[in-house]
Amino acid sequence: MTMLRRLSDERGTPSRDAGPTLVSPASPGTAITARNLSKAYATNAGEPIQALTQVNFDVAVGEFVSIVGPSGCGKTTVLRILAGLVGGYSGSVSVGGQVVHGPTPEIGVVFQDANLMPWRTVLANVTLPGQVLRLDPKACKERARQLLALVGLAGFEMKLPGELSGGMRQRAAIARALLHDPRILLLDEPFGALDAMTRDNMNVELARIAAQAGKTVFLITHSIAESVFLSDRVLVMSSRPGRIIEEIAIDLPRPRSLDIVADPQFASTVLHIRRLLEDTGGSPRVTLAH
Ligand code: ADP
Ligand code: MG
């Protein structure tokens, strides 16, 4: 796919080819491995808060996996550990077969807040990681234009973030996360601040983008319907200290449209996850739409 050709030639730092270190037996098709992950924080008063306990999961290459769980159960902590942004945990994580020691170009991250720089154009925001990673500026600009077209923002390259809607800003954040052509996209409640209709549309768009870009996607959400709609597999987390209480394969055919909410299998899966979360004492946000 020329639009999404790899930039590794241009950046000249193919770190993913440097001697992989497996943390445990994982098939060659494994993109993410988490083993016995536990993490405690300290409060201001110095009291420990156990955020995660014995979290184990794998994500296969090309798979779309979501973690759904109640607020405060440790979802963001899992994502930040995978992204190399949080240390001080026990257990191990590997991404692309390499133990995570810090941020890696294997990964692109999208957070709930698009975090665009208000004084830079959309195009200049999307090319920003290229500056940080010292990628070829011309190639970055070209790729940024292609990615903006992919996320439905062709024609908005020279706008400022303040001229975009919330959904458009998140599209730009997704394009920015894909700029360095990571193999894995991590998203932390990327649509949590959007209204329900925009969110539904963004879910359809994210499914399309993930399929077209051919990425492994790991999504954090507290929307059960969103997780079922988008995923090949849903990992359900207990309330804090978070652990995976069930893995659910979602066999619904793709591409999926929003009409899927009327599908009995969709409805029964959503209900099943809601029951699981009720049993764990969490209070997930469940509305008709999500
Ligand atoms: P979620 O994303 O599921 O809402 P988080 O991973 O953000 O959950 O947080 C899990 C728990 O860890 C929460 O109780 C939260 O208050 C606590 N926590 C998160 N980050 C910190 C931190 N930097 N210092 C202390 N406690 C934290
Ligand atoms: Mg969170």
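## Strands and their pairing

Two strands are said to pair if DSSP finds at least two bridges between them. In this predicted model, strand S3 (residues 64-68) and strand S9 (residues 233-237) run parallel and are joined by four bridges. Within this pair, Ser-66 stands opposite Val-234 in S9. In general, the strands of a sheet pair through backbone hydrogen bonds, and the pairing may be either parallel or antiparallel.

S3 and S9 belong to an open sheet of six strands, whose order is S6-S7-S8-S3-S9-S10 and whose pairing is mixed. Strand S6 (107-110) and strand S10 (244-249) stand at the edges of the sheet with a single partner strand each, so one side of each has no neighbour there. Ignoring direction, neighbouring strands of this sheet are turned by 15° against each other on average.

## The chain as a whole

The secondary structure of the protein chain consists of nine helices and ten strands. The chain has 290 residues, of which 42% count as buried. Among the contacts in the chain with a separation of 6 or more, 71% are between residues 24 or more positions apart.

## Helix H5

Helix H5 covers residues 137-150, and its 14 residues should span 20 Å at 1.5 Å a residue, which agrees with the 20 Å between its end C-alpha atoms. The buried residues of this helix are Cys-140, Arg-143, Ala-144, Leu-147, Leu-148 and Leu-150. Seen down the axis of H5, these buried residues fall within an arc of 145°, and they therefore line one face of the helix.

On the other side of H5, Lys-138 and Glu-142 are exposed. The buried residues of H5 are covered by elements that include helix H3 (122-126), helix H4 (128-132), helix H6 (166-178) and helix H7 (196-213). Just after H5 comes Gly-152, which takes a positive phi of about 85°.

The residues around ligand 1 are Tyr-41, Ile-49, Ala-51, Gly-69, Ser-71, Gly-72, Cys-73, Gly-74, Lys-75, Thr-76, Thr-77 and Arg-240. Strand S2 (48-60) and helix H2 (75-82) each supply at least two residues of this shell. Of the elements that contribute to the shell, H2 gives the most, with three residues.

Note on methods
Residues are numbered from 1 along each chain as its sequence is written. Chains are lettered from A and ligands numbered from 1 in the order in which they are written. This is a predicted model: local features need pLDDT of at least 70, side-chain atom pairs count only at pLDDT 80 or more; totals for chains, interfaces and linings use all residues. The expected span of a helix is 1.5 Å times one less than its number of residues. A residue is buried if 20 or more other C-beta atoms lie within 10 Å of its own, exposed if 12 or fewer, and partly exposed in between; C-beta atoms are placed from the backbone. The arc is that of the directions from the helix axis to the C-beta atoms. Two residues are in contact if their C-beta atoms, placed from the backbone, lie within 7 Å. Axes are lines fitted to C-alpha atoms, for helices over the stretch in contact, and angles run from 0 to 180 degrees between N-to-C directions. A residue is near a molecule or strand if its C-beta atom, placed from the backbone, lies within 6 Å of it.
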